[in-house]
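Hi,

Here is the structure I promised to pass on to you. My notes on helix packing, backbone details and cavities follow below it.

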Amino acid sequence: MRFAIDAFGGDHAPEAIIEGVLLAMEHYSDFDVILTGDEAAIKGELEKHGSDYTKHRARIEIVHAPDIITCEDQPTVAIKRKKESSLVKALRLVADNEADCFISAGSSGAVLAGATLLVKRIPGVLRPALAPLIPTLKDPVMLIDCGANADCKPEYLVQFAHMGTAYFKAVLGIESPRVAIVSNGTEEGKGNELTKAAYALLKDEKGLNFVGNCEFRDVMTGDYDVVVCDGFVGNAILKSMEGTVSALLKMLKSELMSSTISKLGAAMSKSAFKTLKSRMDYKEHGGAPLLGINGGIIKAHGSSDSTAIASAINQARKLVLGNITGEIERYVHNKTENEQ
């Protein structure tokens, strides 16, 4: 496998990107990388790692890209004008079949626009969808879509459900993933016009284990595998979760440090708190795959450190090894044939 990695995407690039690549290479030997960005800067950063770089040098290629797309750039305009940027050059490697998957912690808008314009959708896919895996009380749940499509039609949500199902079957080995749609009540008649129309389609859709509505509060119960919604709702849920978890951890730390007794209790519970933080930390779960694109696309968190980048690379491995693009192509082909 070969991964095209935007070495200058993200808040801590290129240091965190390079360190994350080398960290992943220590754990997995089945992939090579093509790093895009300023060649001299990338080489300088790699050489800081001495023997670790020497050990994996043969697995690393650099493609010079002197420009950078920032979060201040208008995504579509930047993709068209900044053709020498690290993000565009990495995407083109996937579009030209020189790499199996693209990874970037850069501008979300630019990644979405570039993936659609350069790598393009799988024929028959109506809209691509961001699909992060979120920790729950049990196993992770896929929330799809989380920001690629603020406005959706009911048939988009049906495809999201199939793409999420394909991922769970191929990557996680779950034969009949439980699919739900986000709504403001569990009853069939609940929701807005979009969710009610999508519900009507999903309940009669073959090839899906549709289990009904999922209220916002139940997303993290672990009772569902794939939770479907439009990108506006999905992004709001995701950001609310991140903010809530961050606030709770800070409150908890403040309370635990408020007295001698609570400090002793905190010391005794340190391992449990560490485990909880790890379970809730995005760094441990990699980036979000953009499903429906004709090639692997992983969008890592903008503030990713080396651990998060290594996790995103592992996510890319799973995406490619599971042949998710091929599985989605097969679903679209079979769907088209059945409708003719």
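Let me start with a helix pair: α7 and α8 are oblique to each other, where oblique is what remains once angles under 35 degrees are taken as roughly parallel, over 145 as roughly antiparallel and 65 to 115 as roughly perpendicular. Before the details, please note that this is a predicted model, in which local features need pLDDT of at least 70, side-chain atom pairs count only at pLDDT 80 or more, and totals for chains, interfaces and linings use all residues. Residues are numbered from 1 along each chain as its sequence is written, and side-chain values use heavy atoms, with hydrogens and water left out.

**Helix pairs**

The axes of α7 (154-171) and α8 (residues 193-202) come within 8 Å and cross at roughly 55°. Axes here are lines fitted to C-alpha atoms, for helices over the stretch in contact, with angles running from 0 to 180 degrees between N-to-C directions. Helices (H or I, at least four residues) and strands (E, at least two) are DSSP runs, numbered from the N terminus. The crossing of α7 and α8 is right-handed, meaning that the near helix is turned clockwise from the far one by less than a right angle. On the α7 side the contact (heavy atoms within 4.5 Å) uses Pro154, Glu155, Leu157, Val158 and Ala161, and on the α8 side Leu194, Ala197, Ala198, Leu201 and Leu202. By class that is 9 nonpolar, no polar and 1 charged residues, with Ala, Val, Leu, Ile, Met, Phe, Trp, Tyr, Cys and Pro counted as nonpolar, Asp, Glu, Lys and Arg as charged, and the others, Gly among them, as polar.

Helices α1 (residues 15-27) and α12 (residues 306-321) also cross at roughly 55°, with axes that come within 7 Å; they are therefore oblique to each other. Their crossing is right-handed. Ala16, Ile17, Glu19, Gly20, Val21, Leu23 and Ala24 of α1 meet Ser306, Thr307, Ile309, Ala310 and Ile313 of α12. This contact has 8 nonpolar, 3 polar and 1 charged residues.

For α5 and α6 (residues 108-119), the angle is about 35° and the axes are 10 Å apart. This crossing is right-handed. Leu87, Val88, Leu91, Arg92, Val94 and Ala95 come from α5, while Ala110, Val111, Gly114, Ala115, Leu118 and Val119 come from α6. The classes here are 10 nonpolar, 1 polar and 1 charged.

**Backbone details to check**

A cis peptide bond joins alanine 13 and proline 14, with omega about -5°; proline 14 sits in the loop between β1 (2-6) and α1. Another cis peptide bond joins isoleucine 144 and aspartate 145, with omega about 15°, and aspartate 145 lies in the loop between β7 (141-144) and α7. Asparagine 97 has a positive phi near 60° although not a glycine, and belongs to the loop between α5 (86-95) and β4 (101-104).

**Cavity**

There is 1 cavity of 30 Å³ or more, and the largest cavity has a volume of about 50 Å³. A cavity is a set of points, on a 1 Å grid over the protein atoms alone, where a 1.4 Å probe fits but cannot get out; lining residues have an atom within 4 Å of a point. The volume is the space filled by probe spheres set on the points, which are joined across faces, edges and corners. Among the lining residues are Ile122, Leu290, Leu291, Leu319, Ile324, Thr325 and Ile328. β11 (288-291) and α13 (324-339) each give two or more residues to this lining, and α13 gives the most, with 3 residues. The lining divides into 7 nonpolar, 4 polar and no charged residues.

Best wishes

Methods. 1 Å grid on protein atoms, 1.4 Å probe; cavity = no way out; pocket = protein on both sides within 12 Å on 5 of 7 lines; lining within 4 Å.
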